[in-house]
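Here's a quick briefing on the chain you're about to look at. Have the structure open as you go through the points.

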Amino acid sequence: MKQQAAFAWPNECVGFIVQTDLQWFVMPLPAQSGPQHVFVEPSTLLCAAEALDDGNVQVVAVYHSHPDGHSSLSAADHQFSAWARTHFLLVRVNEAWHIQMFRWS
Ligand SMILES: [Zn+2]
């Protein structure tokens with residue numbers, strides 16, 4: 001996650017954390033992003049969701065980054081609550097990435 005966030009910097013990044021029977025892994029999503037927003041095409045999401053379904057893989061969490069150091073979720077970030085209840089926010093502070101966990105109620 002941190003690697004992807006660093007790679008996308010100064011723009012935001014987004015992805016899923018998915019789980020198979022045996023392991024968890026990070027699945028970056030292609031997105032249009034800027035320093036303060038990130039957007040995934042609905043068709044891309046649908047494709048990803050179908051592929052995961054076919055592979056019997058579950059989305060356990062969603063993550064995205066805030067390169068500007070903002071440590072709270074924005075109104076637009078609530079879109080992510082539709083994908084998974086657990087959310088990881090990567091915040092860039094003093095050139096290091098910090099991970100914060102949120103749970104949507
Ligand atoms: Zn955000």
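Among contacts in the protein chain between residues at least 6 apart in sequence, 55% are between residues at least 24 apart. Keep in mind that this is a predicted model.

**Fold and overall shape**
- The protein chain has two helices and seven strands, and going along the sequence they come in the order α-β-β-β-β-α-β-β-β.
- Its radius of gyration is 13 Å, close to the 13 Å from the globule rule for 105 residues, so the protein chain is as compact as a globular protein of that length.
- The C-alpha trace spans about 40 × 30 × 25 Å along its principal axes.

- Of the 105 residues in the protein chain, 18% are buried.
- The largest nonpolar core has 12 residues, among them Ala 5, Cys 13, Phe 16, Val 38, Tyr 63, Phe 80 and Leu 90.
- At least two residues of this core come from each of α1 (2-8), β1 (14-19), β5 (58-66) and β6 (86-93), and β5 gives the most, with three.
- Setting aside neighbours within four places in sequence, Phe 80 is in contact with Val 62, His 64 and His 87.

**Helix α2**
- None of the 13 residues of α2 is buried, so this helix lies largely in the open.
- Look just after α2 for Asn 56, which takes a positive phi of about 60°.

Key
Residues are numbered from 1 along each chain as its sequence is written. This is a predicted model: local features need pLDDT of at least 70, side-chain atom pairs count only at pLDDT 80 or more; totals for chains, interfaces and linings use all residues. A residue is buried if 20 or more other C-beta atoms lie within 10 Å of its own, exposed if 12 or fewer, and partly exposed in between; C-beta atoms are placed from the backbone. Helices (H or I, at least four residues) and strands (E, at least two) are DSSP runs, numbered from the N terminus. The radius of gyration is taken over C-alpha atoms; the globule rule is 2.2 Å times the number of residues to the power 0.38. Two residues are in contact if their C-beta atoms, placed from the backbone, lie within 7 Å. A nonpolar core is a set of buried Ala, Val, Leu, Ile, Met, Phe, Trp, Tyr and Cys residues joined through C-beta atoms within 7 Å.
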